[in-house]
Amino acid sequence: MMAAAQVDVAIVGGGPVGVALANLLGRRGVSVAVFERDAAIYPLPRAIHFDGEVMRVFETMGLRAEVEAISRPGLQGMHFVNAEGRTLLIRGGTAAQGPHGCASNHYFHQPELEAVLRAGLARCPSVDLRLRHEVVAVDESGDGGAALQVRDLDRGDARRWRARWVVGCDGARSLLRKRIGTAVDDLGLHQPWLVFDVLLHADVPGLPDHTVQHCDPARPMTYCHVTGQRRRWEIMLMPGDDPAELVQPDRIWPLVARWLQPGQATIERAVIYTFHSVIAQRWRDGPLLLAGDAAHQTPPFLGQGLCAGIRDAANLAWKLDAVRRGRADASLLDTYGSERAPHVRAFIDLAVQLGAVIQATDAEAARARDARFLSDGEPETFSFPAPMLGAGVWHGEGAPVAQVFPQPRLDDGRLLDAVVGDGWALIARPALLAALPAAVQAWCAWQGVVPVPAGDAALQAWLETHRTAAVLVRPDRYVAGLAADAAGLAQLVQSLAGLTTPMP
């Protein structure tokens, strides 16, 4: 009998979240096997938006230039427009250089993004991407890891694999979630929408570059300019709609006739989706973990579905690597779900609130909504603060702790992450770095912390704004804590040391 193949991490599902995680782990030298049932990337549009934090994760993978080449920055925001065409609300746009060192919103065609991510794996000799391979069973092994039964769909045979950890990036019908046996928290939104994508034959006058939420109680809709000549409409199903009929071209074109005629574009895809809002109650069971849609499903009204999955990958990658290297106890992996679940929930809650604005179908309720937003005659402009992580690897009270540290351009022209790399960073006033307590120096050396003197104007300004002398930044760019002096820094390190192992 053939011996079981062995890797550090087995990833079930070769979509964007699974392959992003494989890139992040592969750059760290972690041995990874990715199992994907399909032979090729799904060729039709699906996700279309990610934010600046996610571009920064792609930058950490070394793929920023490649991703920028297949995406476009969304600089004009999202406009909520009522049935009379009046703008009620604007989610503000962004400058080309936002807090993450890039635009804050980007639009893309998912097959192109997936191709970039898969090509990135070619730089990672420790990653094995197995297409046409289906994981049919997963069991915990006696050594604390897991055993997988994997079927080669071309050859028809099966092979056993062993892994220290298995991550289910296998979507809303996740085998891993069923294996873990976790229930999900239902946050209340289950609404079917028609999603259809078109390729314009040429520019169409009147189609805006920004996203429009048409808050029309007779038929709520969303319009998006994706990339190039790609456009998307999302149209809410109404009582009496026949889903099978609604996806037919002769029903679709009349719905968008005020903007587009059949001769001006080709329909690429038309499908009915039910927008859900759910979060798994448990993200880990021993060596088994969940990420992406296997762990949560987010309504699309903020464009945060893919973003949440990529954040999962960024959070989990450095923690798996730290445990693998012996720099942290296995209990560190419990902080993955405890940090990510409240963060995801905050975005879902906001998406559900915006969904209520868009999906109001009662005429009286819609008039009251319009009056509320137009009470002073002008539309509101809103942005939302980045949510904090849940309990985990951080210490302190309130923001900016447990939020993402910005990526300024430094005085020498480089972006911060080019200096920091993909590990921890201690950004501190030079005098404090020069006089680090011995215990802090030892911990930083063991964890591979990069010391960054805050001599650059942008870093000095950040420290001054937050009235601190030092900030400890995690590998996923989240703030682990602040310190006003050497004693505070020692206290910060001591508070985190419980999740790490002593130096050998």
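In helix α1, Pro16, Val17, Ala20, Leu21, Leu24 and Leu25 meet Leu306, Gly309, Ile310, Ala313, Ala314, Leu316, Ala317 and Leu320 of α8; contact means heavy atoms within 4.5 Å. These contact residues divide into 13 nonpolar, 1 polar and no charged. Ala, Val, Leu, Ile, Met, Phe, Trp, Tyr, Cys and Pro count as nonpolar, Asp, Glu, Lys and Arg as charged, and the others, Gly among them, as polar. The model is predicted: local features need pLDDT of at least 70, side-chain atom pairs count only at pLDDT 80 or more, and totals for chains, interfaces and linings use all residues. Residues are numbered from 1 along each chain as its sequence is written, and side-chain values use heavy atoms, with hydrogens and water left out.

Two packed helices are described by the angle between their axes and the distance between the axes. For α1 and α8, the angle is about 30° and the axes lie 9 Å apart. Axes are lines fitted to C-alpha atoms, for helices over the stretch in contact, and angles run from 0 to 180 degrees between N-to-C directions. Helices α1 and α8 are therefore roughly parallel to each other. Angles under 35 degrees count as roughly parallel, over 145 as roughly antiparallel, 65 to 115 as roughly perpendicular and the rest as oblique. The crossing of α1 and α8 is right-handed. A crossing is right-handed if the near helix is turned clockwise from the far one by less than a right angle, and left-handed if anticlockwise. Helices (H or I, at least four residues) are DSSP runs, numbered from the N terminus.

Helix α1 (residues 16–27) also packs with helix α4 (residues 110–120), at an angle of about 25° and with the axes 9 Å apart. Helices α1 and α4 are therefore roughly parallel to each other. Here α1 passes α4 in a left-handed crossing. Pro16, Val19 and Asn23 of α1 make the contact with Gln110, Glu114, Leu117, Arg118 and Gly120 of α4. By class, 3 of the residues in this contact are nonpolar, 3 polar and 2 charged.

Helix α8 (residues 305–324) is also approached by α2, the two axes coming within 10 Å and crossing at roughly 40°. Helices α2 and α8 are therefore oblique to each other. Their crossing is left-handed. From α2, Glu53, Val54, Val57 and Phe58 meet Cys307, Ile310, Arg311 and Ala314 of α8. This contact holds 6 nonpolar, no polar and 2 charged residues.

The structure holds 4 cavities of 30 Å³ or more. On a 1 Å grid over the protein atoms alone, a cavity is a set of points where a 1.4 Å probe fits but cannot get out, and a pocket is an open set with protein on both sides within 12 Å along at least five of seven lines; lining residues have an atom within 4 Å of a point. Grid points are joined across faces, edges and corners, and a volume is the space filled by probe spheres set on the points.

The largest cavity has a volume of about 170 Å³. It is lined by 17 residues, of which Val57, Ala314, Pro475, Asp476 and Arg477 are the closest to its centre. Helices α2 and α8 each supply at least two lining residues. The lining has 8 nonpolar, 2 polar and 7 charged residues.

The second largest pocket holds about 630 Å³ of space. Its lining comprises 29 residues, with Pro99, His100, Ser104, Phe384 and Ala386 the closest to the centre. At least two lining residues come from each of α2 (52–60) and α9 (334–358). By class, 13 lining residues are nonpolar, 12 polar and 4 charged.
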